[in-house]
Amino acid sequence: MSFQATPADVSVIISTASATQSSSNEPSLATERRITPSWSISQLKGKLETMTGVPPGSQRLLFKSPGRPDQWIEGEDRLIGEWGLVRGCEIEVHDTRPVAARLNFTDLSSVEKYEIPAEKYESLNNSVLAWKKSQKLGRFDPNAQSPEDLLHQQVAKDIEAIEKKDIKLLARAIILPSSPPHIRRGTIRYIGPVAEIPFAPLKDKKFTTEDGHPLEPFWVGIELDEPTGKNDGSIAGKRYFECAGNNRGVFVKPEKVEVGDFPPLDLDLELDDDMEEI
């Protein structure tokens, strides 16, 4: 039910007071509606119920008008126009019910959610899955490689990069792409799989080598000279290498690593050089 506009209607802001005034002064609802000054307070509350969900008997209305003190609206039979209804004023609805007795429309944890059975979803002809089938995309592509094939290719690519780039423990390296002045350099502390970093095509699947070891992509763990990393050498509680401090560790793919003569940053020396140029 909506307000019926008439020539005498006045645009008013309708708001609801926050459920916990001590934690927030922001209203949980604020909308502009047209109010007829000849409505009784009882009529007004009936119309406000459709917007706020607060029963008329539990409403307490606070009238706010620019340049005037706020005042409570009293008297069910009085007309709302008696409060000096003008454009720009506000009627704030307060719910007098205990918080536990109010319906919570923002908490979705208790809302029953419908999940379509997998068999029914697969039988639909207007779903995303049906579209993928018709377009032969993803796993429906007859030429698509299996997740196991993709994993073998990734592992082979990682091993080739490690050998070609001469990536070794304790070697100095920079992370690509790097360009001055944003060059991240450090010392290689770890080379190998990181089970906590998922390989996207696999999802929850696991594969092993012929000798029973897990088949996983390779990563290079680097302790950076500066705290510009993502971790401290550990991921999800598992430690792979030690770092001098937080945000000094990072794991990158082998193709993103360049090994070379990259001496540790000497901030004191750089500061002296800058001073000589002044």
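Here are a few worked exercises on this predicted model.

**Exercise 1. Work out where Glu-223 sits, whether it is buried or exposed, and which side chain it makes a polar contact with.**

Step 1: Glu-223 belongs to strand S8, which covers residues 219-224.

Step 2: check the accessibility. Glu-223 comes out at 12% relative accessibility, and the cut-off for buried is under 20%, so Glu-223 counts as buried.

Step 3: look for a polar partner. The side chains of Glu-223 and Arg-189 make a polar contact at 2.8 Å.

Step 4: Leaving out residues up to four places away in sequence, Glu-223 touches several others, including Phe-241, Cys-243 and Arg-248.

**Exercise 2. Find which strands pair with S6, and in which sense.**

Step 1: take S7 (residues 185-192). Three bridges link S6 to S7, and the two run antiparallel.

Step 2: now S12 (residues 257-259). Again there are three bridges to S6, in the antiparallel sense. Here Ala-173 has Val-259 as its bridge partner.

Step 3: sort the S6 side chains. Arg-172 and Ile-174 point one way, Ala-173 and Ile-175 point the other way, and all are buried.

Step 4: keep going into the loop between S6 and S7, where you'll find Pro-177. The peptide bond joining Leu-176 and Pro-177 is cis, with omega about -5 degrees.

**Exercise 3. Compare Asp-166 and Ala-236: where does each lie, and is each buried, partly exposed or exposed?**

Step 1: check phi. Asp-166 has a positive phi near 55 degrees without being a glycine. Ala-236, also not a glycine, has a positive phi of about 55 degrees.

Step 2: Asp-166 is in the loop between helix H4 (147-164) and S6, while Ala-236 is in the loop between strand S9 (234-235) and strand S10 (238-239).

Step 3: read the accessible areas. Asp-166 has 40% and is partly exposed; Ala-236 has 73%, so Ala-236 is exposed.

**Exercise 4. Describe the chain over the residues UniProt lists as "domain: CAP-Gly".**

Step 1: get the range. The unreviewed UniProt entry gives residues 219-253.

Step 2: read off the make-up. Residues 219-253 are 0% helix and 40% strand.

Step 3: check the ends. The end C-alpha atoms of this stretch are 5 Å apart.

Technical notes
Residues numbered from 1 in each chain as written. Predicted model: local features only at pLDDT ≥ 70, side-chain atom pairs only at ≥ 80, totals over all residues. Heavy atoms only, no water. Helix = DSSP H or I, 4+ residues; strand = E, 2+ residues; numbered from the N terminus. Buried < 20%, exposed > 50% of the residue type's maximum accessible area, 1.4 Å probe, protein only. Polar contact = N/O pair within 3.5 Å; in protein donor to acceptor, adjacent residues only side chain to side chain. Contact = heavy atoms within 4.5 Å. UniProt positions renumbered as here; feature names shortened; annotations may be inferred. Pairing = 2+ DSSP bridges.
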